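Please look through the sequence and the model below. The text that follows takes up pockets, strands and charged pairs in turn.

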Amino acid sequence: MTYPDAEAPEEIRWQGKFITAKQRGRWEYVGRARGIRAAVIVAVDDGHVLLVEQFRVPLGRNCLELPAGLIGDEAGSEGETVEASAARELEEETGYRPDRIEVIGEFASSPGMVSETFSLVRAIGLTKVGEGGGVPGENITVHRVPLADIAHFVAARRAAGAVMDVKLLTLLGAGILAGA
């Protein structure tokens, strides 16, 4: 089965520094400008996972997330690898440096309205080297959560008004399926 708009030309309706609004046939969607991609990091060590929480303007409230960042978004870093970007972002956001980064695969979080995909990676061998918190202005709160308590921690942050990023399902999946 072919989709009628699949062969329609892609038109850019608006472009900013990081986001591009596009249309293909009757479909409107958003993508990253300049082909920028993202890396999302699952950082588990000693039975704990690293999560970050920060205010997200589009949501108007704090969001609990896996650490993540853009690949090659800074001038001069256009050829940055997924692994190098993930290691840099993990240290910036959480204060932990990984011994190595393992790429798990590429995923799309909202394919009906966003063309962006992200590389999910696993950070292995974590060493605390700083406080984290991100670059100036990000105001990231770092949470080191026991894996056994992840569902309770997520519920508590939700009750406190935080929204949950969909990628947290990587940690909650087994618990959600257990109730099926």
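In this predicted model, the lining of the second largest pocket is made up of 3 nonpolar, 2 polar and 6 charged residues. The pocket holds about 150 Å³ of space. It is lined by 11 residues, and those closest to its centre are Arg 34, Ile 36, Ile 71, Gly 72 and Glu 78.

The largest pocket has a volume of about 1400 Å³. Its lining counts 40 residues, with Arg 32, Arg 56, Glu 65, Leu 70 and Glu 116 nearest the centre. Sorted by class, this lining has 19 nonpolar, 7 polar and 14 charged residues. Several elements supply at least two lining residues each: β3 (27-32), β4 (37-45), β5 (48-56), β6 (61-65), β7 (68-71) and α1 (82-94). The largest share, 4 residues, comes from α1.

Strand β3 also belongs to an open sheet of 3 strands, arranged in the order β1-β2-β3 with antiparallel pairing. Its edge strands are β1 (10-15) and β3, each of which pairs on one side only. From one strand to the next, the twist averages 30°. Between β2 (residues 19-24) and β3, the antiparallel pairing runs over 6 bridges. One of the residues involved is Gln 23, whose bridge partner in β3 is Glu 28. In general, the strands of a sheet pair through backbone hydrogen bonds, in either a parallel or an antiparallel sense.

The charged side chains come next. Side chains of opposite charge can pair when their charged atoms come close. The model has 14 salt bridges. One of them joins Arg 88 and Glu 89, at 3.0 Å from N to O. Arg 88 counts as partly exposed because its relative accessibility is 25%, whereas Glu 89, at 8%, counts as buried. Arg 88 also forms a salt bridge with Glu 92, at 3.5 Å from N to O. These two residues are 4 residues apart in helix α1, so about one helical turn separates them. Glu 92 is partly exposed, with 26% relative accessibility.

Which strands does the salt bridge between Arg 122 and Glu 102 tie together? The side chains of Arg 122 and Glu 102 meet at 2.2 Å, N to O. Arg 122 lies in β9 (residues 118-128) and Glu 102 in β8 (residues 96-107), so the pair ties together parts that are 20 residues apart in sequence. Both are partly exposed: Arg 122 has a relative accessible area of 34%, and Glu 102 has a relative accessibility of 30%. Elsewhere, salt bridges with shared partners join Glu 80, Arg 88, Glu 89 and Glu 92 into one network.

Methods. Residues numbered from 1 in each chain as written. Predicted model: local features only at pLDDT ≥ 70, side-chain atom pairs only at ≥ 80, totals over all residues. Heavy atoms only, no water. 1 Å grid on protein atoms, 1.4 Å probe; cavity = no way out; pocket = protein on both sides within 12 Å on 5 of 7 lines; lining within 4 Å. Points joined across faces, edges and corners; volume = space filled by probe spheres on them. Nonpolar A, V, L, I, M, F, W, Y, C, P; charged D, E, K, R; others polar. Pairing = 2+ DSSP bridges. Axes fitted to C-alpha atoms, helices over the stretch in contact; angles between N-to-C directions. Salt bridge = Lys/Arg side-chain N within 4 Å of Asp/Glu carboxyl O. Buried < 20%, exposed > 50% of the residue type's maximum accessible area, 1.4 Å probe, protein only.
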